[in-house]
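Dear colleague,

Please find below the structure that I am handing over to you. My notes on it follow directly after.

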Amino acid sequence: MTSADLPPSRLGTKEHWDAVYSTELANFAEIGDEGEVWFGEDSVEKMVDWALDNIPTNPAPYILEVGAGNGNLLFALCEAGYAPDRICGVDYSADAVQLAQAIAKSKAAQSADEAEDEDAPASLARADQITFAACDFLRDEVPRLPGMNAESSSGVAAWDFVLDKGTFDAIALAEKDESGRSPADGYPARIGRVVKPGGFFLITSCNFTEEELKAKFANEGIGLRYHSSIAWPTFSFGGHSGNVYSSVAFQKA
């Protein structure tokens, strides 16, 4: 499948996600509901487990999630031991950013209260140090974190670990331009330019197979090469087998 094969959908519009996060922001303020976990908790656990197997928490890596939404994946990485002041989540919806920031403050405050109990984990006590920023990744430069050293003359290839959980899927559902080109066609190159040499990109998708993701991201022009994949349960239908999700990791040459 290519991005050209996917028909445009409301899921590919900023208006849709602004509406979603406006509602979730209001719900969190009213009842404390943190909102939907895109692809479910299993996807978060699998991506965090992959990170722990491949990227040490010390020395602390710089971590970027593109399309962070309510921040659930980044909070899980923080809880797993990654330094929150080196974690950044960007999203093009300002309400998503506000929601993630509000949840971060709530988790930090709750963790501080629980710290009085010696048996309670304090791993989220600094969750409010995670940076969440409004950024249209296809057009804007990702904000740099304090102390970050860029490895390229352009100053953007500075991230040790970049993540995507459903963002590429949503972009692939956006309207195409007059020439029939999807905004998703430019996404792999944008990813390649922010990953530092030796760094990793991990993506989970529901619209693209492992082989399709390899074809899009693992090429010399982008600078990424296939590293590994995460196993998902398979299903069979009509004599064919497949996975509900595909999770693939790439490394910058």
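**Fold and contacts**

Of the contacts (heavy atoms within 4.5 Å) in the chain between residues at least 6 apart in sequence, 74% join residues at least 24 apart. The model is predicted, and local features need pLDDT of at least 70, side-chain atom pairs count only at pLDDT 80 or more, and totals for chains, interfaces and linings use all residues. Residues are numbered from 1 along each chain as its sequence is written, and side-chain values use heavy atoms, with hydrogens and water left out.

Seven helices and nine strands are present in the chain; these are DSSP runs (helices H or I, at least four residues; strands E, at least two), numbered from the N terminus. Of the 253 residues, 49% are buried, that is, under 20% relative accessible area with a 1.4 Å probe, counting protein chains only. The chain exposes about 12,100 Å², of which carbon and sulfur atoms supply 49%; the areas come from the Shrake-Rupley method with a 1.4 Å probe.

**Largest pocket**

The volume of the largest pocket is about 690 Å³. A pocket here is an open set of points on a 1 Å grid over the protein atoms alone, where a 1.4 Å probe fits, with protein on both sides within 12 Å along at least five of seven lines; lining residues have an atom within 4 Å of a point. The volume is the space filled by probe spheres set on the points, which are joined across faces, edges and corners.

The lining comprises 33 residues, and W17, Y92, T167, A170 and I171 lie nearest the centre of the pocket. Helix α1 gives the largest share of the lining, five residues. At least two residues each come from α1 (14–31), β1 (63–66), α3 (72–79), β2 (87–91) and α5 (167–171). By class, 18 lining residues are nonpolar, seven polar and eight charged (nonpolar: Ala, Val, Leu, Ile, Met, Phe, Trp, Tyr, Cys and Pro; charged: Asp, Glu, Lys and Arg; polar: the others, Gly among them).

Helix α6 (residues 187–194) is largely enclosed by the rest of the structure, because six of its eight residues are buried. These are Y187, P188, R190, I191, G192 and V194.

Y82 is located in the loop between α3 and β2 and is buried, at a relative accessible area of 1%. Beyond its neighbours within four places in sequence, Y82 is in contact with residues including A51, L52, P61 and L77. The side chain of Y82 also reaches the backbone oxygen of I55 at 2.6 Å.

With kind regards

Methods:
Buried means under 20% relative accessible area, exposed over 50%, partly exposed in between (1.4 Å probe, protein chains only). A polar contact is a pair of N or O atoms within 3.5 Å; within protein, one must be able to donate a hydrogen and the other to accept it, and residues adjacent in sequence count only if both atoms are side-chain atoms.
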